[in-house]
Amino acid sequence: MLFIFGLLLLVSCSSSKPVVRTTKKSTPVTRTTKKPVAKTTTINKSNQKTSHDSAKPATEVLEATSNVKVTTELVLKYIDDFKDIAKDNMHQHGIPASITLAQGILESGVGQGSLSKRANNHFGIKCHKEWTGPSVRHDDDSAQECFRKYDDPADSYRDHSLFLTTRSRYASLFDLPKDDYKAWAKGLRAAGYATDTKYPDKLISLIERYQLHQYDTEVLGRFPKSSKQVVSSGKQSEREYVVTKGDTLYSLSKKFNVTIDEIKRKNNMKSDSLSVGQVIYLK
């Protein structure tokens, strides 16, 4: 009996004792998730166009008196601005308009070069001893060389023609056909106009890329070859006369029985000066 009572007392004490539950401290778990992989699709590059590609004009560097980067748009604008001047110079002096335009594009950087901007000098013509007009200093073969300065680019074009027609070293050029721009480009290099061995190729490339030879055809087309007679010996021609040494407007007016004013008007001449090799239209 005593044993049973003791056993009940032990059970009672044990049940009243608070129960303490223990748990292990949980360790935070770092979960990593994979970034979604973007699906790729194959693009046909031949059909792919971007606004950047279509909006940006082609560019090139014109390496001449002034090395500048220009766009096709600027070249086309330059041609449009000076094609009539080049054609008029061909009409008066016999230098192919395509050659004059190509040289102007190359030498002036389509009018964007520093020399052409500062001095309206589109052909890099240096002062030389006979020049008495205004000038500017510009780094070229040597530092601060003297270059001619013009009031208008058109004056530069005219001086370029006079430069070629009044120097004996270029006389052989005027024996070449007016529509053979390749021969003229190579002839300029052979005569010493430029030291760059690639100069003829650069001119020819510009002429063909921008079809500058069409302006030669336009000028030559004024007189069909069947009736065109270019005279280099000083004899009379029905249509054209090539100026020789000693010719003046007065002597030509007497020789061909036309007035000086008629000659000047027919040839769009602003002065009475003539140059050897210059082509004069008479009738």
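Some ground rules. Because the model is predicted, local features need pLDDT of at least 70 and side-chain atom pairs count only at pLDDT 80 or more, while totals for chains, interfaces and linings use all residues. Residues are numbered from 1 along each chain as its sequence is written, and side-chain values use heavy atoms, with hydrogens and water left out.

I'll start with the disulfide, meaning a pair of cysteine sulfur atoms within 2.5 Å. The count is 1: C127 is joined to C146, S to S 2.0 Å. C127 sits in the loop between helix 5 (114-119) and strand 3 (135-138) and C146 in strand 4 (residues 145-148), so the bond ties together parts 19 residues apart in sequence. Helices (H or I, at least four residues) and strands (E, at least two) are DSSP runs, numbered from the N terminus. C127 is buried, at 6% relative accessible area, and C146 is partly exposed, at 21%. Buried is under 20%, exposed over 50%, and partly exposed in between, with a 1.4 Å probe and protein chains only.

Next, helix 4, residues 97-108. Of its 12 residues, 12 are buried. Just after helix 4, G109 has a positive phi of about 65°.

Now the cores. A nonpolar core is a set of buried Ala, Val, Leu, Ile, Met, Phe, Trp, Tyr and Cys residues joined through side-chain atoms within 4.5 Å. The largest has 42 residues, and I99, I105, L164, Y193 and L212 touch the most other members. Among the elements that each supply at least two residues are helix 4, helix 6 (153-165) and helix 8 (199-209). A second, separate core of 10 residues includes Y241 and M269.

Last, salt bridges: a side-chain nitrogen of Lys or Arg within 4 Å of a carboxyl oxygen of Asp or Glu. There are 9 by this rule. One pairs K87 with E218 at 2.6 Å, N to O, linking helix 3 to helix 9 across 131 residues. K87 is buried, at 14%, whereas E218 is partly exposed, at 38%.

Which residues form a network? E130, R148, D159 and R167 are linked by salt bridges. E130 meets R148 at 3.1 Å and R167 at 2.4 Å. R167 lies in the loop between helix 6 and helix 7 and E130 in the loop between helix 5 and strand 3, so that pair ties together parts 37 residues apart in sequence. R148 is buried, at 4%, and E130 is partly exposed, at 43%.
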